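Open the model in your viewer and keep the selection tool at hand. The tour moves from one selection to the next.

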Amino acid sequence: MTDPISSPSAKSQANDIAAILQAPLVHWKKTLAGVLVVVAAAGGYALFGVYQKSQVEKAENELGGIVTSKAGAERLAALEALAKTAPAGARDGVLLEIAKTAQGLGDFAKAATAWQSVSGNAPAGMKTVAGLGYASALAKAGQDAKAVEVLEGLAVSAPKPFALAVDQQLAAAAEAAGQWQKAISAFERMKSNGNVQNTGYLDARIAALKDKAAKGNG
């Protein structure tokens, strides 16, 4: 008589049952391993966030120390050195100080570069302010035509509260560059927007520029 337990079919059934019983355990171990990986990754990310925050605070403290303890060319050199190592969260603040210090020293090319860097990363409102600073530095460096290009871009993208400031600077830069029609258009926008009380001055400037344009003065 054949032993039912020792038969091939019985052994196969026993192995299947053992596999079924072990499956939840194997699955649980894999799940636990996955959870541990996720937890470890989350913990690492949190630690990285803390590290980043500490680096930003360190750079901001160093920036404050430079501004309060140094002046002129010495301050500019220290700020440029800090800009090379400062994390992204603190770099714009350093660049703004570089722009301000460089302009104070008459180094308008360096100021323009700093303003341009800020305008490339900043949100809308600050982007416009940095763009105005960039255009101003360009104009002071004698690059009036380039300033006009920057300001024309701002005239399209700047939030409405900045429209008057952009057009005022654009009119001045365009006139300095001998681009009479662009200067006239900027003055006309200022007048039509109704944000300027002294419209007589605008009329006089428009008339003078139209006269220059008619005579072909450049």
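Start with Glu80 and Lys110. Their side chains meet in a salt bridge, 3.0 Å from N to O. Glu80 belongs to helix 2 (residues 72-85) and Lys110 to helix 4 (residues 108-121), so this pair ties together parts that are 30 residues apart in sequence. This is a predicted model, so treat every distance here as computed.

Next, select Asp167 and Arg189. They form a salt bridge, and their closest N and O atoms are 2.8 Å apart. Asp167 sits in helix 7 and Arg189 in helix 8 (residues 180-193), so the bridge ties together parts that are 22 residues apart in sequence. Check the surface around each one. Asp167 is buried, with a relative accessible area of 4%; the cut-off for buried is under 20%. Arg189 counts as partly exposed, at 32% relative accessibility.

Asp203 is partly exposed, with a relative accessible area of 34%. Lys191 counts as partly exposed too, at 38%.

Salt bridges that share partners join Glu80, Asp107 and Lys110 into one network. How many salt bridges does the structure hold? It holds eleven.

For the last stop, show helix 6 (residues 144-157) and helix 7 (residues 163-176). Their axes come within 9 Å and cross at roughly 150°. Angles over 145 degrees count as roughly antiparallel. Helix 6 and helix 7 are therefore roughly antiparallel to each other. Helix 6 passes helix 7 in a left-handed crossing.

Display the side chains where the two helices touch:

- From helix 6, select Asp144, Ala147, Val148, Leu151, Glu152, Leu154 and Ala155.
- From helix 7, select Val166, Gln169, Leu170, Ala173, Ala174 and Ala176.

Color these by residue type. The contact of helix 6 with helix 7 divides into ten nonpolar residues, one polar and two charged.

Notes:
Residues numbered from 1 in each chain as written. Predicted model: local features only at pLDDT ≥ 70, side-chain atom pairs only at ≥ 80, totals over all residues. Heavy atoms only, no water. Axes fitted to C-alpha atoms, helices over the stretch in contact; angles between N-to-C directions. Helix = DSSP H or I, 4+ residues; strand = E, 2+ residues; numbered from the N terminus. Parallel < 35°, antiparallel > 145°, perpendicular 65-115°, else oblique. Left-handed = near helix turned anticlockwise from the far one by under 90°. Contact = heavy atoms within 4.5 Å. Nonpolar A, V, L, I, M, F, W, Y, C, P; charged D, E, K, R; others polar. Salt bridge = Lys/Arg side-chain N within 4 Å of Asp/Glu carboxyl O. Buried < 20%, exposed > 50% of the residue type's maximum accessible area, 1.4 Å probe, protein only.
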